Amino acid sequence: MNKNDIQSAIETAHAKFAGCTDGANASYIPELAKVPSTLFGIAVVTKDGEVFSTGDADTPFAIESISKAFNLALVMDQIGSKTLREKIGADPTGEPFNSVLALVAHGGRPLNPLVNAGAMATVSLVAGENGEAVWANIMKRFAAFAGHPLKINDDVYASESATNSHNKGIAWLLDSAGYFYNQPDMIVDLYTRMCSLNITVKDLAVMGASYANGGVNPLTHEPTVQRENIAEILAELTMSGLYDSTGDWLYRTGLPAKSGVGGGIVTIVPNRMAIAAFSPPLDKYGNSVRAENALIDIIETLGLNPLKS
């Protein structure tokens with residue numbers, strides 16, 4: 001595979017799905033509903049640091065649930081994968097990403113770090129003597145992944161803060177069951193901030209490429225995650241990365257990935273590259289319609305499905 005193959009694949013996919021009108025912006029977060037639905041960008045970053053992009057690849061958008069895939073690296077580095085698995089688990093819930101039923105059915109224990117309950121519990125495990133210290137640790141790690149400091153989208157943060165009562169309820173349920181490890185209200189706020197970080201699809205591809213490059217940012221050469229934790233993180237993404245349609249995604253691509261309701265999706269091709277796409281309209285599961293279709297098309301065109309090799 002050469003550079004022309006990659007650029008051609010992403011440009012072809014962009015042209016193929018740019019006219020798709022399926023899906024709708026997330027409406028339960030009012031600020032996300034305002035994002036232009038025509039935005040559509042794709043980027044690839046290889047483990048050698050080559051960058052390819054097309055469309056709205058430099059347009060910022062809210063990272064949302066994709067942030068879970070990178071805070072997971074911070075916590076796993078701090079406490080180890082074994083301890084994290086004991087505290088949070090590593091199994092799909094079989095329920096929506098914000099389900100309370102999944103908690104009740106399992107004694108209040110979150111089943112994986114990629115649903116809201118498990119993700120907030122993971123944030124509650126970040127080291128720090130107070131909220132700002134915890135936040136500083138999160139931001140430092142995200143900056144290492146992206147190659148530069150990330151900023152909060154203040155409008156999205158305000159919008160989410162005004163509508164996150166459900167997450168607050170989940171946090172207090174976790175705390176009552178002994179599966180929360182810091183102050184619930186403080187951690188929900190930090191989790192909301194984390195989900196409100198602005199990124200571009202190029203940033204997202206760079207962040208994912210660290211997982212393809214042994215835990216090192218391929219552009220800055222800065223360490224981002226301990227190599228020994230990458231396999232476990234990618235296993236989590238493989239099991240639960242695209243909400244309730246993760247099985248369909250895996251069936252078609254064979255690759256770990258993470259989506260967010262801001263419209264982004266990133267998939268990692270181990271030891272080779274990361275591919276990211278962004279477009280706001282979502283399907284019923286919360287995944288970007290254009291981004292998912294484009295990524296599947298690129299993976300098929302470039303022959304990247306490891307289950308077909």
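Leucine 72 touches Leu84, Pro113, Thr122, Ile233 and Glu236, leaving out residues up to four places away in sequence. The model is predicted. Leucine 72 lies in helix α3, which covers residues 68–79. Helix α3 meets helix α7, and the two axes come within 10 Å.

**Leucine 72**
- Leucine 72 has a relative accessible area of 0%, so this residue is buried.
- One of its contacts is Leu84, which stands 12 residues away along the chain.
- The C-alpha atoms of leucine 72 and leucine 84 are 9.2 Å apart.

**Arginine 141**
- Arginine 141 belongs to helix α7, made up of residues 131–146.
- Arginine 141 counts as buried because its relative accessibility is 17%, and buried means under 20%.
- The side chain of arginine 141 forms a polar contact of 2.8 Å with the side chain of aspartate 77.
- Apart from neighbours within four places in sequence, arginine 141 is in contact with Phe70, Ala73, Leu74, Asp77, Thr224 and Val225.

**Helices α3 and α7**
- The axes of α3 and α7 cross at roughly 115 degrees, and the crossing is right-handed.
- On the α3 side, the contact is made by Phe70, Asn71, Ala73, Leu74 and Asp77.
- On the α7 side, the residues are Asn137, Ile138, Arg141, Phe142 and Phe145.
- Sorted by class, this contact has 6 nonpolar, 2 polar and 2 charged residues.
- Asp77 of α3 and Arg141 of α7 both take part in the helix contact, and their side chains are joined by the polar contact of 2.8 Å.

How values were computed. Residues are numbered from 1 along each chain as its sequence is written. This is a predicted model: local features need pLDDT of at least 70, side-chain atom pairs count only at pLDDT 80 or more; totals for chains, interfaces and linings use all residues. Side-chain values use heavy atoms; hydrogens and water are left out. Helices (H or I, at least four residues) and strands (E, at least two) are DSSP runs, numbered from the N terminus. Buried means under 20% relative accessible area, exposed over 50%, partly exposed in between (1.4 Å probe, protein chains only). Contact means heavy atoms within 4.5 Å. A polar contact is a pair of N or O atoms within 3.5 Å; within protein, one must be able to donate a hydrogen and the other to accept it, and residues adjacent in sequence count only if both atoms are side-chain atoms. Axes are lines fitted to C-alpha atoms, for helices over the stretch in contact, and angles run from 0 to 180 degrees between N-to-C directions. A crossing is left-handed if the near helix is turned anticlockwise from the far one by less than a right angle, and right-handed if clockwise. Ala, Val, Leu, Ile, Met, Phe, Trp, Tyr, Cys and Pro count as nonpolar, Asp, Glu, Lys and Arg as charged, and the others, Gly among them, as polar.
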